[in-house]
Structure formats: C-alpha cells, structure tokens
Amino acid sequence: MSGHRWAARAAAAAAAVALTVTGGTLAQADDIESLSAEEIAERSRDALLDVDSLHLSARGSLDGSGPEMRLDLTLDREGNCTGGVDMGDEGSVEIVKRGDDVWLKPDAAFWKEHVPIGGSTFDAILDGRYMKASADDPRLLSVTEVCDLDTFRELITDNAGTADRGTLTKGEKTEVNGAPAVPVTRAEGGERLTAYVAAEGTPYPVRITVRNAGEEGTVDFSGFDRPVPSATPPADETVDVTALLGRSISPV
C-alpha cells in the first residue's frame with residue numbers, strides 16, 4: 001500500500017534527528033536555549049528513545065505535487081496502536097492493533113483505487129465493518145510495522161552516530177502547537193530537515209519537518225507515555241481477513 005510506504009518515510013524523518021549525534025544523557029529542557037545545536041539534537045533523540053508510547057501525526061507528499069497523505073497514530077513499544085492513514089482521493093484506512101490481532105477498515109475509495117478488480121465486492125461484504133487478521137499475517141506487515149513504536153526507535157538507533165551528514169544550526173525559540181520550542185536544522189544538498197525541540201520540561205522533539213525537491217512532510221509528536229486506548233472493535237463489527245481475501249489475494 002502506497003500510504004504505508006509513505007508512513008515508513010515519515011518514520012525515517014523522525015530518525016533523522018539523530019544523524020549527527022552520538023551518546024548523551026536524558027535531561028530536562030529548562031536550559032535548552034543555552035545548549036549547542038548538537039547538544040539539543042542529542043537530548044531530543046534520547047528523550048524520544050526513552051518513551052513507552054506517544055501520539056504521532058504526519059502529513060506530506062512523496063513527490064511534492066501528489067495528494068497530501070496523512071497518518072495519525074497512537075502507538076507503544078508493545079506494538080499496540082490505534083489511528084489511521086488518509087491518502088486523499090486514494091482512500092483511507094482505520095487501524096486498530098492490540099496484542100496479536102489487527103483490525104483494518106478501508107473505505108470505498110481505498111478499495112476502488114488499490115483493488116480495482118473485486119474491490120467493490122470486498123467493500124460490499126465488509127459493509128462498514130473491520131477486517132480482522134493476525135498481527136503476523138505477512139499480507140499486513142506494512143501495517144503492523146508502522147503500528148509498533150519500536151520500529152521508530154530502531155530507525156533512530158540505526159542512524160545515530162552517522163557522520164558527515166550536514167551541519168546542525170540552532171534557530172530562535174518559537175512555538176509549536178502553543179508550546180515553546182527551539183528549532184534545530186540540518187541542511188544537506190537540497191534537503192532541509194528541522195527538529196523543533198520542547199523548550200520546557202523534557203526535551204522531546206515535538207515536530208520534525210522535511211523539505212527537498214521531491215518530498216515534503218511534517219511529523220508532530222505528542223501524548224508522550226500516555227497509554228494507547230485499549231478498546232477493540234466488537235466481534236459483530238469484524239470480518240475475518242482470510243474469509244474476505246482468501247489465500248490468493250495480494251497484500252493490501
């Protein structure tokens with residue numbers, strides 16, 4: 001699913017906050033303005049790695065001219081999540097993952113765009129219900145990986161310590177969603193990535209923006225360490241994915 005591939009790129013944007021720093025200790029943001037750009041990026045990376053759950057809201061376009069896609073998820077390190085992805089005219093999908101199970105509710109536009117042969121039949125069978133599957137179903141790995149906070153943490157860890165990836169610069173304090181934040185920007189070639197780090201309390205990265213010739217996007221982080229809602233769709237609002245798609249249907 002193109003929306004899920006884009007979601008992985010949104011995760012990669014979060015990882016980029018750690019591209020030029022190594023090590024570090026978690027600290028409060030009270031003195032964040034007095035720190036260098038590298039120190040601010042280091043603390044924000046450590047803060048993000050330390051959380052057990054968060055809310056992520058991402059929006060952007062892969063080619064700069066295509067439809068804006070939106071991802072909205074609350075997720076944790078246990079692999080639980082709830083939210084969805086909206087691909088504009090290409091449809092949207094609601095997502096709930098809890099433990100070993102995942103529920104998806106694609107809308108009619110999704111079925112039409114991504115399953116042109118038989119999609120309308122699937123949509124009619126679901127009739128507004130979720131399709132339920134095992135979280136380890138190989139057809140849905142792109143969904144379950146995005147739903148796991150450890151996927152984001154691994155991206156951050158894998159990129160930590162990468163050298164020669166552009167110079168970090170610190171900007172003037174500003175506000176993100178009504179709260180003070182200090183921007184730290186890395187410019188490399190035609191790409192400009194900015195992490196806005198909370199200037200009060202724990203120095204979480206509260207927003208990351210990516211701009212280049214072929215892609216632009218924004219990832220907002222909030223709800224740090226707040227539990228993922230535990231409610232799951234009831235049985236009378238679900239259809240088993242195997243019964244719906246069968247073994248011969250390609251991944252969605």
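This is a predicted model: local features need pLDDT of at least 70, side-chain atom pairs count only at pLDDT 80 or more; totals for chains, interfaces and linings use all residues.
User: What makes the pairing of Asp-52 with Arg-77 a salt bridge?

Analyst: The closest N and O atoms of Asp-52 and Arg-77 are 3.4 Å apart, and because the cut-off for a salt bridge is 4 Å between a side-chain nitrogen of Lys or Arg and a carboxyl oxygen of Asp or Glu, the pair qualifies as one. Asp-52 lies in the loop between helix H2 (37–50) and strand S1 (53–61), while Arg-77 lies in the loop between strand S2 (69–76) and S3, so the bridge ties together parts that are 25 residues apart in sequence.

User: Is Arg-77 buried or exposed, or does it fall in between?

Analyst: Arg-77 counts as partly exposed, because its relative accessibility is 28%, and that class lies between 20% and 50%.

User: What other salt bridge does Arg-77 form, and what parts does it tie together?

Analyst: Arg-77 also forms a salt bridge with Asp-150, where the closest N and O atoms are 3.7 Å apart, a value that is within the 4 Å cut-off. Since Arg-77 is in the loop between S2 and S3 and Asp-150 is in helix H6, this pair ties together parts that are 73 residues apart in sequence. Asp-150 is itself partly exposed, at 23% relative accessibility.

User: How do you know that Asp-220 and Arg-207 form a salt bridge, and are they buried or exposed?

Analyst: The side chains of Asp-220 and Arg-207 meet at 2.6 Å, N to O, which is within the 4 Å that a salt bridge requires. Asp-220 lies in strand S12 (residues 216–222) and Arg-207 in strand S11 (residues 205–211), so the pair ties together parts that are 13 residues apart in sequence. Both Asp-220 and Arg-207 are buried, a word that stands for a relative accessible area under 20%.

User: Why is Thr-238 called buried, and what is it in contact with?

Analyst: Thr-238 has a relative accessibility of 17%, and because buried means under 20%, Thr-238 counts as buried. Thr-238 is found in strand S13 (residues 238–240). Leaving aside neighbours within four places in sequence, Thr-238 is in contact with Trp-103, Arg-129, Tyr-130, Lys-132 and Pro-233. Trp-103 is 135 residues away from Thr-238 in sequence, yet their C-alpha atoms are 7.8 Å apart in space. A polar atom of the Thr-238 side chain also lies 3.0 Å from the backbone oxygen of Ala-235.

User: What makes the phi of Asp-127 and of Asn-177 worth a remark?

Analyst: Most residues other than glycine have a negative phi. Asp-127, however, has a positive phi of about 50 degrees although it is not a glycine, and the phi of Asn-177 is near 55 degrees, again a positive value in a residue other than glycine. Asp-127 is found in the loop between helix H4 (119–126) and strand S6 (130–134), whereas Asn-177 lies in the loop between strand S8 (174–176) and strand S9 (179–188).

User: Why are Asp-127 and Asn-177 called exposed?

Analyst: Because exposed means over 50% relative accessible area, Asp-127 belongs to that class with 62%, and Asn-177 belongs to it with 63%.

User: Where is the pLDDT under 50?

Analyst: The pLDDT stays under 50 over residues 1–29, for which the model has 102 contacts beyond four places in sequence. Over residues 247–252 the pLDDT is also below 50. For the chain, the mean pLDDT is 79, and 77% of its residues reach 70 or more.

Definitions and conventions
Residues are numbered from 1 along each chain as its sequence is written. Side-chain values use heavy atoms; hydrogens and water are left out. Helices (H or I, at least four residues) and strands (E, at least two) are DSSP runs, numbered from the N terminus. Buried means under 20% relative accessible area, exposed over 50%, partly exposed in between (1.4 Å probe, protein chains only). Contact means heavy atoms within 4.5 Å. A polar contact is a pair of N or O atoms within 3.5 Å; within protein, one must be able to donate a hydrogen and the other to accept it, and residues adjacent in sequence count only if both atoms are side-chain atoms. pLDDT is the predictor's confidence in each residue, from 0 to 100.
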